[in-house]
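Please look through the model below before reading my notes, which go point by point. They begin with one chain, pass to the contact between the chains, and end with the other chain.

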Amino acid sequence: MKMKLATMAVTAVMAAAPAMADLVFPSLSYRTGPYAAGGIPFADGYADYFTLLNERDGGIGGVPTRLLECETGYNTEKGVECYESTKGEGALVYQPLSTGITYQLIPKTTADGIPMHTMGYGRTSAANGKVFSHTFNYPGTYWNGASGAVNYLLAENGGDLNGHKIALVYHNSAYGKEPIRTLEELQKKHGFELSLLPVDHPGQEQKSQWLQIRREKPDTVLMWGWGVMNQVAIQEAANIRFPMENFIGIWWSGAEHDVLSAGDKANGYKALTFHNVGRDFPIFADIQKYVVDTGKAAGAGDQIGNVLYNRGMYAAMLAAEAAKTAQEIHGTADITAAQMRDGMEALEITEEKMAGLGMPNFGPSFSVSCENHGGPGLVGVTQWDAANQTWSLISEFAETDMEVIGALIAEDSGSYASENNIAERCN
Amino acid sequence: MFYREAGDFKTSYASDNQTFPIKIDRRGYYVALAFAFCVVPFVINDYWANAIFLPFLIYSIAAIGLNILVGYCGQVSLGTGGFMAVGAYACYKLMTAFPEVNIFFHVILSGGITAFVCVLFGLPSLRIKGFYLAVATLAAQFFLVWLFNRVPWFYNYSASGQINAPERTVFSIPVTGPNTEAWATYLFCLVFLVLSALIARNMTRGMAGRKWMAIRDMDIAAEIIGVNPMKAKMTAFGASGFFIGISGALFFALYLGAVEVGEAFGINKSFLVLFMIIIGGLGSIFGSFAGAAFLVLLPVVLKVVGVDMLGWPTDIVAHLQLVIVGGLIVLFLILEPHGLAQLWRVTKQKLRLWPFPH
């Protein structure tokens with residue numbers, strides 16, 4: 001009887017504990033609207049990883065995590081509302097998965113002292129930690145992506161791109177415009193011809209752009225697309241019989257749902273990536289056991305192992321590792337947003353760490369520093385196999401042209417600093 | 001019993017002509033003003049300001065502007081989003097070009113610039129009416145968004161094409177930028193809303209408003225009794241553009257802080273403001289407030305009830321919200337075509353007789 005009472009007391013305390021202390025991770029997701037196809041798998045992966053941590057390890061460092069999901073619909077106004085409604089709950093880190101919302105939240109999160117992680121999106125020059133104290137975009141940025149694509153083309157064409165024609169099909173927004181400056185710099189350096197083809201939101205109407213591509217016959221088409229725009233572009237490329245192996249998308253334009261609708265015609269389409277693809281990792285066994293089989297999978301549970309699911313999981317893993325680092329630095333399990341920021345700045349991802357988490361060779365090894373919030377910027381290329389319906393990595397994660405990118409980051413962050421009177425940190 | 005005008009004697013034309021001729025209305029108005037100015041700023045926090053009050057105040061100004069054009073003058077416009085963008089970009093250019101001038105004047109000037117642009121795009125209204133005018137203003141919407149995306153001068157050649165509001169102060173208290181206090185932005189918008197509503201109300205019940213309404217009701221008859229249609233329509237476009245420009249400037253500088261034209265000022269914005277005045281009531285200043293409050297509050301309330309209280313998945317709630325807003329618009333058009341303002345008028349009529357109707 002006594003024993004029973006004691007266990008009951010313990011379980012009661014255990015059950016009550018989460019209410020007292022938990023690590024809050026807001027997820028500004030979008031499961032509705034023209035960008036939902038990309039938003040859903042990412043949000044599912046992000047949620048499932050935290051569920052896994054709670055179910056398997058009892059949270060991070062013994063403190064359970066709590067995911068606060070808020071629907072933004074990729075809309076900046078709703079993003080602001082979501083931010084305001086979740087920040088009071090002790091949010092540790094924001095990952096808005098929208099470049100527009102990111103631009104809005106950079107000054108707000110800095111003023112409120114909450115870190116923001118924009119993994120492979122957002123404002124590229126936030127990689128300069130001297131200016132952007134609370135914004136992180138490791139392990140890679142759009143400019144790494146642009147340079148990675150050009151480097152890949154250089155390797156394909158024997159190191160010479162003189163006279164090579166590249167067309168950039170981009171979402172006509174802050175997101176799609178990000179790579180232009182870098183590509184223009186690289187154009188000067190490598191001598192290729194660049195033509196720009198903007199596609200307006202949401203991107204369902206691309207007839208004229210692809211007509212122009214048919215007329216100009218570029219050697220390569222690069223795409224900075226998101227949401228419904230990707231599917232339409234790949235379909236249109238198939239319609240004009242553009243060779244798919246010369247069509248390269250950024251990492252937001254290379255998921256299963258983007259290529260499936262074009263069927264066999266999408267075979268050979270390429271996309272950049274900064275993490276590994278597929279389900280061939282031990283962690284998926286754990287996700288099956290602790291998340292799916294217990295009925296706790298987020299959403300419909302049908303996205304597991306997809307490219308964007310993996311990316312959401314990777315984002316959650318980096319956030320959890322940063323939280324662990326913060327717990328070690330500050331010697332407390334129940335960290336605050338400010339401590340989380342220190343953890344993100346001291347984050348070190350090694351191959352052993354990833355292997356220990358059941359994600360061997362999932363992403364690059366890197367470490368974040370006060371000056372560099374952008375990580376190493378290693379870019380790989382994946383290719384779609386329509387017969388097996390799988391993406392596979394066809395190149396190593398390669399270095400990008402940091403000479404060009406570094407100068408651009410210094411220039412852009414410098415102008416942000418002078419506009420907003422920000423003194424440089426890390427000195 | 002409580003709501004009646006018996007014993008409320010008017011001894012001068014001025015008192016007979018005032019906006020709120022009934023004493024209890026007048027008192028209610030002063031109480032609401034006092035509450036908005038003296039109580040809310042002390043209790044407001046970031047969430048209330050950014051999720052409810054700022055959008056409500058700013059959309060109210062936009063709705064007043066559009067109501068002048070559509071509700072009072074009968075000129076259908078689908079260009080509200082584009083005109084708000086003009087206000088926003090004008091404010092941005094002014095803020096960055098003349099940082100030493102107070103933001104208060106920048107906002108007013110942005111309204112003036114938008115009024116000019118609005119008159120320009122209103123010129124076709126002299127020749128075309130109804131659906132055709134709606135299409136012409138729709139063209140303005142698309143043209144303006146395209147222009148601000150296409151010409152880098154408007155966004156100061158920034159790499160991303162976004163415009164960001166730098167920090168500006170009023171009486172050395174920041175009202176734009178990240179380091180603002182909730183009460184400061186709230187009060188700044190409130191001052192603009194109260195001034196806009198006062199001006200709009202007095203314009204619409206004065207000579208200008210009567211001319212607009214004459215044009216709205218029957219333009220040929222109006223012309224015959226001596227209303228100059230060109231002047232009436234152009235002043236309506238100008239006044240409307242002025243308020244919409246102010247709201248666009250506030251929307252960018254105070255509320256969002258960073259704006260991307262296609263996303264923030266797209267065709268959806270035009271429809272949203274149009275829904276506001278249709279639900280609120282065409283040709284009514286009160287209706288502009290009611291419609292803005294309704295469409296700003298409804299999603300927030302649905303979200304709080306659905307996600308926070310009932311724990312439903314966020315996507316279901318987001319979809320439900322579309323269904324409910326759409327359903328309500330249809331319902332309103334069928335049951336009360338004159339909107340919330342008419343409901344309020346009917347309630348007042350009933351209240352005057354209550355509890356002894358004939």
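How many helices and strands make up the secondary structure of chain B?

1. The secondary structure of chain B comes to 15 helices and four strands, where helices (H or I, at least four residues) and strands (E, at least two) are DSSP runs numbered from the N terminus. This is a predicted model, in which local features need pLDDT of at least 70, side-chain atom pairs count only at pLDDT 80 or more, and totals for chains, interfaces and linings use all residues. Residues are numbered from 1 along each chain as its sequence is written, while chains are lettered from A and ligands numbered from 1 in the order in which they are written.

2. Chain B has a radius of gyration of 21 Å, close to the 21 Å that the globule rule gives for 358 residues, so it is as compact as a globular protein of that length; the radius is taken over C-alpha atoms, and the rule is 2.2 Å times the number of residues to the power 0.38. Along the principal axes, the C-alpha atoms of chain B fill a box of roughly 70 × 55 × 45 Å.

3. Where the chains meet, 26 residues of chain B are in contact with 31 residues of chain A, contact meaning that the C-beta atoms of two residues, placed from the backbone, lie within 7 Å. On the chain B side, α3 (46-72), α11 (261-264) and α14 (314-335) each give two or more residues, and α14(B) gives the most, with five residues.

4. Chain A is divided into domain 1 (18-141 + 279-376 + 407-419) and domain 2 (142-277 + 379-402), with bounds that come from an automatic or database domain assignment. The centres of domain 1 and domain 2 of chain A, taken over C-alpha atoms, are separated by 26 Å. Their contact takes 25 residues from domain 1 of chain A and 28 residues from domain 2 of chain A, and the largest share of the domain 1 side, five residues, comes from α11(A).

5. On confidence, the mean pLDDT of chain A is 88, and 95% of its residues reach 70 or more, pLDDT being the predictor's confidence in each residue, from 0 to 100. Over residues 5-19 of chain A, however, the pLDDT is below 50, and this stretch has one contact in the model beyond near neighbours in sequence.

6. Two cis peptide bonds deserve a look. One joins A:Tyr138 and A:Pro139, with omega about 5°, and A:Pro139 is found in the loop between β4 (135-136) and α5 (142-156) of chain A. Another joins A:His201 and A:Pro202, with omega about -5°, and A:Pro202 is found in the loop between β6 (193-199) and α7 (207-216) of chain A.

7. Please also check two backbone angles. A:Lys217, which is not a glycine, has a positive phi near 50°; A:Lys217 lies in the loop between α7 and β7 (220-224) of chain A and is exposed, with 9 other C-beta atoms within 10 Å. A:Gln389 has a positive phi of about 55° although it is not a glycine; A:Gln389 lies in the loop between β12 (380-385) and β13 (390-393) of chain A and is exposed, with 10 other C-beta atoms within 10 Å.

Notes
A residue is buried if 20 or more other C-beta atoms lie within 10 Å of its own, exposed if 12 or fewer, and partly exposed in between; C-beta atoms are placed from the backbone.
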